Amino acid sequence: MSWSSEPETLRTDVLVIGGGAAACMAAVSAHQEGARVLMVDKGQLAKSGCSPNAHGGAALFQKDPNDSWRVHAEDTLMSGGFMNDQEVVRVLCSEGRKFVHRLEEYGALWDRDPDGSYAVRQFGGHRFKRSVFSADETGHEMMNAMKREVFRRNIQVLNETMALKIVKDEERAVGAFCWDIGTGRLIDIQATATILATADAAGLWPSASERQRGDGFYLALDAGAELADLEFIQYHPTHAWWPFGVRGSVSESFRIEGGWLLNSEGERFMERYDPEKKELATRDKVSVCSYLEIREGRGAPHGGIYASVAHLPAKVIKERLRVIYRKYLSYGYDVTKDPIEIRPRPHYHCGGVRANARSETTLPGLYAAGAVTAGVHGANRLGSNSLVDILVFGDIAGRSAADYAVRAPAPSGRRQGAADMVARVERLFDLAEDKPLPTAPMRRRHVEWMDSRLGVLRNPEGMREMLAEVQRTREEELPRLRVFDRSRIYNFELRDALEMFYRLDVEDMVCRSALMRTESRGSHYREDYPRRNDREWLHNIVWLRRSSPGKDEFVHEIRPVAQTVIRLEDVPAYAGQDTPWH
Amino acid sequence: MTSYIPPIDKPQAIYTLSVKRFDPERDSAPHWETYQVPWVVTMTVVEALEWLWDQGHYIAFRTNCREFTCGSCAMLINGKPALACDTPLKDRMRIEPLTRYPLVKDLVVDQSAVPKKWKELKLWPHVRDGKPIDEVSAESRAGWHRSFARCIECYICLDACPVSDTEDSEYDGPMWMLQIARARAHPKDGQDRLEQAAQRGIGACTTCYECEGVCPVNLSPIKEIQRLRSGLVRQRLVGRRPARPEGTRLGQRRKQ
């Protein structure tokens, strides 16, 4: 295997890294502004991102006359524990509406009320109905429309191409060094502006799917942008766990329609934790309580807890929980008779790359939009806000980047940092190492440890254990990591191995941030500090790269939250409490 | 390993799984390899392939969402096209790549023809008047999801279709007819999609129903094909169609 052949060079005005709805929106908007655009997607366009799996809705449309962007912003901030970037939230909540029409023009249809107006749904934490939707396939519908527009504009897309490094020319981003998984060739993409629109990092935990590996976090930090809020990982309380083959979340409607959560003794344990709301308590609370039951030894045999609708009439189940009923039935499991096993699983990482309301990161020439960014959702994401995030900031990133690409001089052709990647890949293939290690078991162990040590319940011992494990892996195992699949084309093992490098650094920062935050807030719950502490912790933990002679490291800064739009005191219902959850 | 699966500690049985493998850098032709895989109840083919990864058998295959919304993991399972994440694992299963698109490696096929087809068919709304859709007609709203919006583009129906079994067939195939029907139903479409369906060889469909029943999201391409055809007949009988491009007629072989 030789990688020494010169990488192919491609030139463009705007490079978009990612293939979900945020990436497509960014590409379309940049193209609309007249820029030449190139997209690279680690999977296949419109199939690899998370967007198609968003079933709920997009909070784009404040239909109620009493609703306003300000009320929406308040809801977002309360859910986000006031960790959000308020300028970003202001834009998020006030600029959504135009996308309702824009997506229709691209080929989507929203559901309508009988009077012909847009139908809206209410999601947990929203005070008004403001989420437009398209049956229970909103993300799929949006993605379909976005994809059509990308094709219509004939934007060049490189499918199954992984960005390995954001390349710099002095202190600005000038494209990325990429690897074409399908052919094995290396591609040096020279771009005047680069937009990062990848997924978040929920895949560091046992997230249910293939995406969200956190590459985007590392790429940005490595190039010189800042990361924030890494300690906040949202768990979804009801993920299918057993039967084995069923995957993905069991939708909220399972609890709304009256499903019970039971421990191994058959007790509805939520009655004990929250006698009033029971199973309908917030996502975070149900997740924490479920984990407490599992840890106390009252979990179900396969490591989850029981969820049952068997007490409901079969007719109700078949009508209102049609999707769940059919999904399980196809695996020979009848939910009208048997309980299923569920378990809280990671769903969305709220932190990420810091980008301002113009989608600019702190590195000139680098823009970020969508799930990869921090600041939009704070400490906890409000349901159906992420589909707004990807549209609003995808669009802004596209326009900002195109505008920059017109003004900024073209890259000089000096490419810092590309050569390291070739060396890394070549070393991964060098089996002369006497005790080579494969990726799969290493990754499996880290995923499991992240869940047990930095999952829903956090305590200092567990977090320190994880941190030590990260350091040990990095020092002892990473140098011996090798790729055993010798093939040059479609070598998915090489992809996983390369991701391991990014993953360890992000894990390290997640552990340190979580250890530093000595309180519980939003999705960060510490058993030793179970209360929210607004006096000391109305601060974000920010990570950045600092280089000084002989030293090059990732360091953190603790910065106060700028309350420029809504002050904590303005929301007495929230400010008066110290519970971590709203 | 491509995504995290819970550990299989106590398998209930050991199953045999045959996979047609091919590495163009090493093999001259595809060959079958057989593996022993632990089975637990409700395990799917995707998990079997992922388990094999953990053991160091790096069979190249695409997967992503694992809940039938991305359509990445389509393959031939016991000779029938199906999603691996939607197919319970059985003993002595035989797994092959899809046949319609060219084979690249193991279970991965080259689907680069797909975006080209999208652009060729111009399957996007053409009316760009900047006006919102005031009201969506009952006709286009009814069944938008039931009939086509749910399509995940897994290409399974294309593989199942005996008429359009290759990419250069005279008939584009069930999924593309379904997508044409979807484009036609959109209020801002503004194109003669019936004529387009005719040029794309809709007449060649023999209504053999092979595409029916393989769809993982339970769509009915046949119903849409019938609807397009009856629309086409009506349009031609009453002569409302615009001038027809030279030399095209229903079901005629498409110019290469």
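User: Which residues of H6(A) meet H16(A)?

Analyst: This is a predicted model, so take what follows as a reading of that prediction. From H6(A), A:Asp215, A:Phe217 and A:Tyr218 take part, and they meet A:Glu499, A:Tyr502, A:Asp505 and A:Val506 in H16(A). Sorted by class, the residues of this contact are four nonpolar, three charged and no polar.

User: How do I read the way those two helices cross?

Analyst: Angles of 65 to 115 degrees count as roughly perpendicular. Here the axes of helix H6 (residues 215–223) and helix H16 (residues 492–516) of chain A cross at roughly 75° and come within 9 Å. H6(A) and H16(A) are therefore roughly perpendicular to each other.

User: And what about H3(A): which of its residues are buried?

Analyst: The cut-off for buried is 20 or more other C-beta atoms within 10 Å of a residue's own. In H3(A), the buried ones are A:Gln86, A:Val88, A:Val89, A:Arg90, A:Val91, A:Leu92 and A:Cys93. That is seven of the nine residues of the helix (residues 86–94), so the rest of the structure largely encloses it. Helix H2 (69–79) and helix H12 (386–407) of chain A are among what covers these buried residues.

User: How many residues does each chain bring to the contact between A and B?

Analyst: Interface size is often quoted as the accessible area lost when the parts come together. Here we can go by residues: chain B gives 50 and chain A gives 49. On the chain B side, helix H1 (45–54), strand S6 (103–105), helix H2 (113–121) and helix H4 (144–149) each supply at least two residues. By class, that side has 25 nonpolar, 12 polar and 13 charged residues.

Key
Residues numbered from 1 in each chain as written. Chains lettered and ligands numbered in written order. Predicted model: local features only at pLDDT ≥ 70, side-chain atom pairs only at ≥ 80, totals over all residues. Contact = placed C-beta atoms within 7 Å. Helix = DSSP H or I, 4+ residues; strand = E, 2+ residues; numbered from the N terminus. Nonpolar A, V, L, I, M, F, W, Y, C, P; charged D, E, K, R; others polar. Buried ≥ 20, exposed ≤ 12 C-beta atoms within 10 Å, placed from the backbone. Axes fitted to C-alpha atoms, helices over the stretch in contact; angles between N-to-C directions. Parallel < 35°, antiparallel > 145°, perpendicular 65-115°, else oblique.
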